[in-house]
Each structure stands twice: as C-alpha cells, then as structure tokens.
Amino acid sequence: MAAPVDEKQLLDLKAGDEVIINGTIYTARDAAHKRICEVINKGEKMPFDPEGQIIYYVGPTPPPPGRVIGSAGPTTSYRMDKHTPFLLAKGIKAVVGKGKRSEEVKKSFMEHRAVYLVTVGGAGALISKYIRKAEIVAFEDLGPEAVYRLEVEGFPAFVCYDLHGNDLYEEGQKKYRKDESSVT
Amino acid sequence: MREVHWEEISTAVSELCKNINYYINQDVLEAFKKGMGVEESPLGKKVFCQLIENAEAAAEEGIPLCQDTGLAVVFISLGQEVVIKGKSLTDAVNIGVAKGYGEGYLRKSVVKDPLNRVNTGDNTPAIIHTEIVPGDKIKITVSAKGGGSENMSALSMLPPSAGSEGIIDFVVDTVKKAGPNPCPPLLIGVGVGGNFELAPLLAKRALLRPLSEKNKDEFWSKMEEAILQKINNLGIGPQGFGGRITALKVSIETFPCHIASLPVAVNIDCHCHRHSTVEI
C-alpha cells in the first residue's frame, strides 16, 4: 500500500487483510491531535497537507546514536476518537493504531471512505525496523508527542475497519468465542 | 546497623529500568513460544511470531520492547537494620529512574499536573511502595507499567454476598470490556480483600509473581485457573484479532477485609510484562 493513499487502493481491502505500507506517513497522538484541531479552528494551516495522508498514533522513544528512531509501536486509538471524524473530513484516508473505536468514529471512517488499520501493540522494536527516516515537522515542544514525518518501507499492519463495514475485532472474537455452557 | 550509600540504590534502580525495557523476561518468552503452538487463529499465530521477533530485535538493537516504557513502579522491601546514607530513599530511587530513562533512551511519559500535562522530562516521580521488613538487606523491584493496560484496570467494592461468582464475573467482565485495548495476550493481577486502596496494590503485587507460580492456597489457585479459562473462552485472542489466547496468566493475592466488604481489583498488564528484582 503506497502512502499517501489513493482511495482506489482502499476498495479491495477487507478487515483481517495484512497490508504493507511504503511511503510517507505522519505521527500524531493525544496532545498533537488537540493542537492540530486548535490550529485548524483558528483558521491556520495544518502542519501537513492532510489529503490522502496516513496518521500513525505513536509516541516513539528517543533514538539512540546511529538510529533514526527508537521503539515505535502503536498507542491505543480510542483516545483520539474525539478528533478523528474532524481529521477524516479534512482528507485523512487511513490511521494506524490499536484497539476499539467508538461507534461514531467507526461510522465516520465509512462516511469519509477511510480505513482503520492496526499494528501489533508492544512490538515497537520490530516496527521501528521499517522506519527509514524520521523528522519532526511540528510541535517539537511536545517531546514524544510531536508530529513526525516518517518514511516507511515494508511497514506491517492489518485492516481493522474496511470500507464495507467489516470489523476485524468483532469478526475475530465471534469466531473464537466459546459458549460458556460448554465450559467444564 | 548496616550502612548503604544512596548511590548503590540509584545505580541499581537505573540498571533495572534499562534492562526490563530491553530484555523480555524468559518466562514470558517461553509463554509466547508455547502460545504460538496452542493458538488456532492464523492471525493470532502471526502476532505471537511478531512478539518473538520483537523481543529479539529489542535485545539485539538495544532499544525498548515497546515505545511506552511506562511509569516506573518501584517496590522496596527495606530491612529495618539498614541505614541509608547521603540522601533519602525516595530521592535515591527517583535519581535512579531519571538516570535509567535518560541513559537508556527510554521515553519520558510522566506529566507534572494531571490537567495541564507538562512533561517532567525525566520520567519521575516514580510510584514507590515501601515496606519495612526484618533483616539488613534492601530488595528492589522495578516494574515499567504502560498506560494502555493500566487504563483498562478496575476496582469494585463488591458486597460479601457476591462471593466467588461475583469475583470471577468482575474479573472476566473487566477483561471483556478492555478487549483489544491493553495489548493481549495479557497478564492479569487480581487483588481480593483489604480495602479501597489495598486491593489494587495486591493486584499489582500479584503481577510480580513468576508465570509458573500459583497462589499457595489451593482454593485460590483453582480460581486462578477457572478465571483464566473463562477469559480465554472470550475469544478476544492475541491483539484482539480473535483467538484462543487472550491471557497468559491470572494471579490472585488476598488479604483480610472488613465484615461489610469484598474489594476486588483487577490490574491488567500487557505482554511486555516488564519487572525485575535485585537485592542490595
């Protein structure tokens, strides 16, 4: 999957599919979401053109000497629910995080023809191997919560909510849930 | 009295902070390998595979297992025959945390005020639990507790009439509500009894037990097994993608309580499960 995203790429994706992201993505988590929305509401420009972009919910560890980034796995997404519909309306086409979203946000992904991707929480060391370049583009004062532009190659993720209303979490759990009456 | 210089404590804390973030505990790694064999879901297997690769990558490259290197939760058993020289125990621990998180390129995840949220810049203050014990040693355990799993933890002040069933239902329901958010496969610490503030501490201490160690009382160890089975029947699976393994272990710790109360606390820990102990 090339980043930034062309909507056509999203049509064939199904919840549960593994996708590999190559290209440019932007990071933002709690504090950066708040700031980005404040900036837009003031009528100022966003730190990056949102059209077709992927936002990755991550607050990486500082890079040790010789590395472009430290550990860089996903953070829990629901904390960004408050701001997500607004950013999807601005043109964001995919976000990468982990965990459930509210029903409102789930609908908002479909309305705006965007997908929710998840990657393995707690696998930050492994995921960092797929990040080739990291550069702060806004809100440096937020430390680990600053907005970074990342160049990624082979970045692994799974489709959680697709354009057709499927939900990886719901379907997966339904498939493996055992009826309590069968418990010995 | 035995004298211990504060720097011995801060150095030990600093090393523990780094090591727990880079190196996964062996018992957890073994559980991943076992889990990969048991898990039926193809995506679940894939998750276990990535977790094993992640542990290797962290150790090889000297970077943390997870970017959330946690709040440092420090348990100290201080021998009553020890005198700490030079600085207070609290200062010694916090200096150690600041050093470990700085030198180790660990993320600083602490904000000074819960609402204005300015980062303290060195991951202090640590949360410190100290108990005075007989002897002349200091036992220090550092655990790094991530926000994602801590946010999904819960406390309930049950009526005593709720009994075993009430305890089991509350623990299973807490894990069910958490779903994929706290990064399954999980470790579940349960505190039963005590009071409003002790039950969560019992739950947190329960998480420090090795994966192979059951509650010493047979009744409670059976309840640990029963809860684990019910949790794994939920089908949440690794990362919530669906599967047989949602939790790797349930550990219960208990304490006497008031005739009117049955406090139950559930502390959820993610699969990184970072903690280690040294004795000075």
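Before you start clicking, note that the model is predicted, with local features needing pLDDT of at least 70, side-chain atom pairs counting only at pLDDT 80 or more, and totals for chains, interfaces and linings using all residues. Residues are numbered from 1 along each chain as its sequence is written, chains are lettered from A and ligands numbered from 1 in the order in which they are written, and side-chain values use heavy atoms, leaving out hydrogens and water.

**Stop 1: two helices in chain B**

Select residues 6-22 of chain B, helix H1, together with residues 89-103 of chain B, helix H4. Helices (H or I, at least four residues) and strands (E, at least two) are DSSP runs, numbered from the N terminus. H1(B) and H4(B) pack at an angle of about 40°, and their axes are 7 Å apart. Here axes are lines fitted to C-alpha atoms, for helices over the stretch in contact, and angles run from 0 to 180 degrees between N-to-C directions. H1(B) and H4(B) are therefore oblique to each other; angles under 35 degrees count as roughly parallel, over 145 as roughly antiparallel, 65 to 115 as roughly perpendicular and the rest as oblique.

**Stop 2: a stacked pair in chain A**

The structure holds 10 aromatic pairs over all chains. Rings of Phe, Tyr and Trp (its six-membered ring) pair if their centres lie within 6.5 Å; planes under 30 degrees apart count as stacked, over 60 as edge-to-face and the rest as tilted. Select Tyr26(A) and Phe48(A), a stacked pair with 3.9 Å centre to centre and 5° between the planes. Tyr26(A) sits in strand E2 (residues 18-27) of chain A and Phe48(A) in the loop between helix H2 (30-41) and strand E3 (54-56) of chain A, so the pair ties together parts that are 22 residues apart in sequence.

Buried means under 20% relative accessible area, exposed over 50%, and partly exposed in between (1.4 Å probe, protein chains only).

**Stop 3: an edge-to-face pair in chain A**

Move to Phe109(A) and Tyr161(A), which form an edge-to-face pair: 6.1 Å centre to centre, with 75° between the planes. Phe109(A) belongs to helix H4 (residues 103-111) of chain A and Tyr161(A) to strand E7 (residues 147-161) of chain A, 52 residues apart. Both Phe109(A) and Tyr161(A) are buried.

**Stop 4: the backbone**

Where are the cis peptide bonds to look at? One runs from Ala3(A) to Pro4(A), with omega near 0°; Pro4(A) is in the loop between strand E1 (2-3) and helix H1 (7-11) of chain A. Another joins Thr124(B) and Pro125(B), with omega about 0°.

Finish with two positive phi values. Arg113(A), which is not a glycine, has phi near 55° and is partly exposed, with a relative accessible area of 31%. Cys183(B), also not a glycine, has a phi of about 65°. Cys183(B) lies in the loop between helix H6 (163-178) and strand E7 (186-194) of chain B, and is buried at 7% relative accessible area.
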